[in-house]
Amino acid sequence: TPLAALTMYIEIMEEEAGQEETVRRFTEKSVRSLERMEQLILALLKMARLDTGNIAFEKRRCDVEEVVAQALDELSERAAREGKRIVREGKPGEQICCDPAWTKEALGNLVKNALDHTEAGGTIRIVWQRSPALLRLSVTDDGCGIRPEDIHHIFKRFYRSRQADDRQGIGLGLPLAKRIVEEQGGSLSVESRPGEGSTFRISFPTCPSPQETWKN
């Protein structure tokens, strides 16, 4: 866990206090562990809020490109730092009916997951398409993919396969994304092949006409 790692790093720095390079290296590791702890706490709080059933999703017409841009706001820098590319594809002006803040959270978690499982030089592709009944928003990576024995469990809280032991992540991003999407009347599915990457697909009903209303 991040807390166990942080404790170990502090012990190492205490023992090697005179070694400047060691202290610098484990200070950086400590900062990353603190960031992971913050992500874990925030994810748990968001999941707890959803579990109470008291959240009223404020669904409205949103520009898909704007929702995607907001979701990537803090992740584009990470992708560049890690030597990974994020590509967006879709028709300009498409609209999605959703709570933009919560949907941004769900999409951001899918992109984080893609970054966690894609090596340097890889590409994460975000594509949106509209059909008469649905607006589909997909996140595709060319990373390690998901093994058949894991794919039916990845939306369970804290589930992490043995394949993911050396990768980032806390096992809450995907369950949180699925819960957010489904609470808004949408669906989240996944397709993957080991060694070839994964595609996570969000589907929302298309926006009603201005004369119609929808339930939160």
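Biologist: Which cysteines form a disulfide here, and how far apart are their sulfur atoms?
Modeller: Cysteine 97 and cysteine 207 form one, with their sulfur atoms 2.3 Å apart. Keep in mind that this is a predicted model.

Biologist: What hand does the link have?
Modeller: The link of cysteine 97 and cysteine 207 is right-handed, with 135° about the S-S bond.

Biologist: And where do the two cysteines lie?
Modeller: Cysteine 97 is in strand E3, residues 95–98, and cysteine 207 is in the segment after E7, so the pair ties together parts that are 110 residues apart in sequence. Cysteine 97 counts as buried, because its relative accessibility is 5%.

Biologist: How many disulfides does the count come to?
Modeller: The count comes to one disulfide.

Biologist: Let me step back. How many helices and strands does the protein have?
Modeller: There are seven helices and seven strands. From the N terminus the elements run α-α-β-α-α-β-β-α-β-β-α-α-β-β.

Biologist: What does the C-alpha trace span?
Modeller: Along its principal axes, the trace spans about 70 × 40 × 35 Å. The protein has 216 residues, and 41% of them count as buried.

Biologist: What is the accessible surface?
Modeller: The accessible surface is about 12400 Å², and carbon and sulfur atoms hold 49% of that.

Biologist: What share of the contacts is between residues 24 or more positions apart?
Modeller: Among contacts with a separation of 6 or more, such pairs account for 71%.

Biologist: Now the rings. How many aromatic pairs are there?
Modeller: The count comes to three aromatic pairs. One of them joins tyrosine 9 and phenylalanine 26, which are tilted, with 5.6 Å from centre to centre and 50° between the planes.

Biologist: Where do tyrosine 9 and phenylalanine 26 lie?
Modeller: Tyrosine 9 lies in helix H1, residues 2–15, and phenylalanine 26 in helix H2, residues 20–52, so their pair ties together parts 17 residues apart in sequence. Tyrosine 9 is buried at 13% relative accessible area, and phenylalanine 26 is buried at 11%.

Biologist: What kind of pair do phenylalanine 155 and phenylalanine 200 make?
Modeller: Their pair is edge-to-face, because the planes are at 85°, with the ring centres 6.2 Å apart. Phenylalanine 155 lies in the loop between helix H6 and helix H7, and phenylalanine 200 in strand E7, so the pair ties together parts 45 residues apart in sequence. Phenylalanine 200 is buried, with a relative accessible area of 1%.

Biologist: What sits over the ring of phenylalanine 155?
Modeller: The charged end of lysine 178 does, at 4.8 Å from the ring centre.

Biologist: Last topic, glutamate 105. Which helix is that residue in?
Modeller: Glutamate 105 is in helix H5, residues 100–116.

Biologist: Why does glutamate 105 count as buried?
Modeller: Its relative accessibility is 19%, and buried means under 20%.

Biologist: Which residues does glutamate 105 touch?
Modeller: Leaving out residues up to four places away in sequence, glutamate 105 touches Lys46, Leu176 and Ile180. The side chains of glutamate 105 and lysine 46 are joined by a polar contact of 2.7 Å.

Methods:
Residues are numbered from 1 along each chain as its sequence is written. This is a predicted model: local features need pLDDT of at least 70, side-chain atom pairs count only at pLDDT 80 or more; totals for chains, interfaces and linings use all residues. Side-chain values use heavy atoms; hydrogens and water are left out. Helices (H or I, at least four residues) and strands (E, at least two) are DSSP runs, numbered from the N terminus. Buried means under 20% relative accessible area, exposed over 50%, partly exposed in between (1.4 Å probe, protein chains only). A polar contact is a pair of N or O atoms within 3.5 Å; within protein, one must be able to donate a hydrogen and the other to accept it, and residues adjacent in sequence count only if both atoms are side-chain atoms. Contact means heavy atoms within 4.5 Å. Rings of Phe, Tyr and Trp (its six-membered ring) pair if their centres lie within 6.5 Å; planes under 30 degrees apart count as stacked, over 60 as edge-to-face and the rest as tilted. A charge sits over a ring if NZ of Lys or CZ of Arg is within 6 Å of the ring centre and within 35 degrees of the ring normal. Accessible areas come from the Shrake-Rupley method with a 1.4 Å probe; for residues, only the protein chains shown count as cover. A disulfide is a pair of cysteine sulfur atoms within 2.5 Å.
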